[in-house]
Amino acid sequence: MSELPSTAKAVVIGGGIIGCSTAYHLAKLGWSDTVLLERKKLTSGTTFHAAGLVGQLRSNANITQLLGYSVDLYNRLEAETGLGTGWKMNGGLRLACNPERWIEVKRQATTAHSFGLEMELLTPQEAQDLWPLMNVDDVIGAAFMPTDGQANPSDITQALARGARMAGARIFEDTKVVDIEIEKGRIRAVITDQGRIECEKVVLCAGQWSREFAAKFGVNVPLVSMQHQYMVTEPIAGMPPDLPTLRDPDRLTYYKEEVGGLVMGGYEPNPIPWATGGVPKGFHYSLLDADFDHFEPLMELALGRVPALENIGVKTLTNGPESFTPDGNFILGEAPELANFFVGAGFNAFGIASGGGAGMALAEWVATGGPPFDLWSADIRRFGAPHFDTDWLRKRTVEAYGKHYTMDWPHEENQSGRPFRQSPLYDELKAQGACFGEKLGWERPNWFADLAAGETPKDIYSFGRQNWFDAVGREHRAAREAAVLVDQSSFGKFILDGPDAADALDWIAANNVTKPVGTLTYTQMLNDKGGIECDLTVARLAKDAFYFVTGTGFATHDFDWICRNIPKGTDCQLRDVTTQNAVLSLMGPNARAVLERVTKDDVSNAGFPFGHAKTISIADSQVLALRVTYVGELGWELHLPIKDAPKVYAALMDKGTDFGLINAGYRMIESCRLEKGYRAWGADIGPDHSPVEAGLNWAVKMKSRVDFKGRAAIAAQQAQGVKKRLACFTVDDPSVVLLGRETIFRNGKRVGWLSSGGFGHRVNKPIGLGYVRNPAGVTTDYLTSGTYTLEVATQRIDCTIHLSSLYDPKLARVK
C-alpha cells in the first residue's frame, strides 16, 4: 500500500458505491487531490450484497433526473475504465393487480411523461410476453420503462474506483478513520489508524456506520439498519438473459435475472431492525443468518406470481443489513451542525440506482457549495428535532420500510411515533373533531369533523375525492364568508438581533426588510443563481431586531441558510424561538370584528394596516399580531407565549361565535392558497426557481441600489428573459383530481408539469400551478396564445391557463 498523504483537498470516508462515485466525480471536477479511505475493502459494507436493480422514476423530478444520470453513467463507464460493470438496460416492469393500483400506475406513467421518460402501459398479455415466467391471472395491467436496468454492485463500484484513480484521486483500503480534528468549529484534519491527513472538507459515505460516526461530532444522520433478504435460485431452463426487472408491489416482491436464475426479494410489512445497539466491531463482508420463517410469507406471495419457483432449487437466501431513513429518501448535503462536513448515506436499498447521480451531486456540492439542482427531498436539512430521538427514528423507519410497496396514497399521513410534538391546544382541538397530520414531529390539524353530524375525524384514502373533501369545503367557505381559526404553532420562528442585524439582513433578503419598526415584509432569500432558498415573512421588532416566520418543515434548512449567509464580521445573532411561541391564525372577512371583541387595541385598517406587526393584548396575554394572509382574506397571525395559547384560543372562540368563527386546518389553507395563487416553497418555488420565473418580481428590491445575494442573476433574467414561467391552470370538470406532476401540454406539445394540485371550493374547480417551459423563452404572449391540456393518469383533459388570481376579495385592503 502506498504511503498515506499528509494533506488532501477532500477526504471521502467509505468505499461503497456512494463513496467511490463521489471520489470519481470530485476527481473529474479537477479535485485530483481527493483521498478515499475505506476501513476494510471496497464494497465490503453494504454494496457487495445489494440486489442491483436500477429504476429511475420517483415522485420528484430532480431525483428522477439524478437517477437518470446514473443510467447515463453506467452506459459509458465500462468503455471509459475497461472494467466490466454488469450493467444491462433490460427495462423494468411494474404490475397492477387491483383497480386502485392501476390508477396509481397510470398516474406514475403520467409522472414519467412529465419528467421526459418513456413509460408505456401494457395489457396483462403484453406484460407476460416480456416476462414469460409469470402468471398474470390477477394482473389488470402493467407499466414498462425500457431504460431501466440492472448492474453488478461490486463490479460497478470497482469501475468507479478505477475511474477515480485514473482522474487522480487516491484510494486507501484497510485504513480506519478514528477521529476528525476540529478547531473552533472548523475541520482541520482526519485522523486514521495509519496517520493524519490535513484537510478542510470531509465527505461521509459510510453507510450504516454513518449515524454513529457522525454523532461523535454533533452531526445527526437519521438512518436505521434494517434486515433485508432476497433469494437466488438455481438456473431456470429457457431463462431469457435480457429478462426485464420486475416489481410486483401488490405481492410486495421484486425480481431480476442473474446467471440464468432469478433473484427474488421484497419488502415485508413487519421488517426487523438490526444492530439496535450499534454495528458490531469487525463487521465487513458479512451477512446475517438467513431467516427462512420471516421470508416465508414473501415466498408464498412469489409462488402465486412465478409458479416455477416451486420446483427450482434455491442457491442462497441472502440476509444483509441496509440503511433506511424515516421518509424513504436518501441523505445528501452539508451538515447544518458542522461546516464542510458532507453526508451521503441512507439509500433505502436503492443505492446502486442512485450511486452515479448521488456521487455527482455530492461532489458538486463539495466543490461549489451547492448541489447542481434542487435536491430538497434528499437534503440533510429536511430533518429536525424528532430525528435525534433514536426510538422515534426506529419506529418511523420501520413504518417507512413496511410501506415500500404499499399503495402510495395521496395525502397519506404516517402513524408511527405519534404524537411527538404537540401545541398546547392539541387535546382541545382533538375534542373539537380535529383530524391531525404530522410535520417534522408536530401534530397539526388537517381538517375538522362535524362530530354532531356523526363524522369521524379519520382519513380514508383513495385516488378519488377523499372523505374529508366536504369538511374542507365547509372550512373554506367559512374562511371566505365568515372567519376561521387555525393552530399554526408549528411554524419555524427565529429572531435575528444585534447592532448589524439590519445590514446583514439587507444582504440576505431579496425584498426590502429594513423598513421602519413595526413593518412586516414577505421576502425570498436567493442563491447566487437567483434561485429561492427561503420564502418567509420578517417583522421588524426594533432597530436591531427582526422576527422570522417560516414553514414547519423548513425550519432546519432556513435557520442554516440564514446563519451561513450572514456576512463575516457582522455583529448579530440568530436564535430559534419556535418552541417558545404558539401561533393562532385568525382569517376571514369577519376577522377584524372578532379581534375587536377580544382586544382594546386599535385593529382598524388605519390603525393596523396590512403588512404591519404590533403587540396587542388579548385575555391578559401580550400577543405579537402580524397582519398577513396565506388564504387571500383579511387576517392576522397571533404569536403569543406558549402557556397563554389555551386562554387566548378560548377568548377568540367565545367572542367569535356571533361572527361564524370555526376551527379550520391545513387542508383548508391549501385550497384557499391555490385559489389565490400563493406559491409554496418545496413545490412551486425553490432553489431552481427565481422570483422572475415564479411571478414574484414585485417582492424583489431591484428598484433600490442596495446589493443583495442573487441580485446579479435577477438583473440578468429581467434583461434577457426567462425560459419558464409559473402559471395557474383550471379544469371545468369538478370531478377531476389534480395532485401535482400532471403533464402540461401547449398546442399538443409537452411543456411542463404541475407543481401543485388541489381543489378550489369557492370557484368549484380543480386547480393546478405549474411552470410552462420553452427553450426559446417564455413571454406573456407565449403563455396566453396557446391552447392547453393536462395529462391526468394518462388521459388528456382540456384546461384553462390563468396569469392572475382566480379569486381575490381584496379583503386585505378593506375600509
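Guide: A residue is called buried under 20% relative accessible area, exposed over 50% and partly exposed in between, with a 1.4 Å probe and protein chains only. This is a predicted model, in which local features need pLDDT of at least 70 and side-chain atom pairs count only at pLDDT 80 or more, while totals for chains, interfaces and linings use all residues. Residues are numbered from 1 along each chain as its sequence is written, and side-chain values use heavy atoms, with hydrogens and water left out.

Visitor: Why is Leu440 called buried?

Guide: Leu440 has a relative accessible area of 12%, which is under the limit, so the residue counts as buried. Leu440 lies in the loop between β20 (434-439) and β21 (442-448), where strands are DSSP runs (E) of at least two residues and helices runs (H or I) of at least four, numbered from the N terminus. Although Leu440 is not a glycine, its phi is positive, at about 50 degrees.

Visitor: What makes Asn764 partly exposed?

Guide: The relative accessible area of Asn764 is 44%, which places the residue in the partly exposed class. Asn764 also has a positive phi, about 60 degrees, without being a glycine, and its place is the loop between β35 and β36 (765-773).

Visitor: How many aromatic pairs does a search of the whole structure find?

Guide: The search finds 25 aromatic pairs. Among them, Phe115 and Trp753 are 5.2 Å apart centre to centre, with 75 degrees between the planes.

Visitor: Why is the pair of Phe115 and Trp753 called edge-to-face?

Guide: Rings of Phe, Tyr and Trp (its six-membered ring) pair if their centres lie within 6.5 Å, and planes under 30 degrees apart count as stacked, over 60 as edge-to-face and the rest as tilted; the angle of 75 degrees therefore makes this pair edge-to-face. Phe115 lies in the loop between α3 (99-114) and β5 (120-122) and Trp753 in strand β35 (residues 749-760), so the pair ties together parts that are 638 residues apart in sequence. Phe115 itself counts as buried, because its relative accessibility is 16%.
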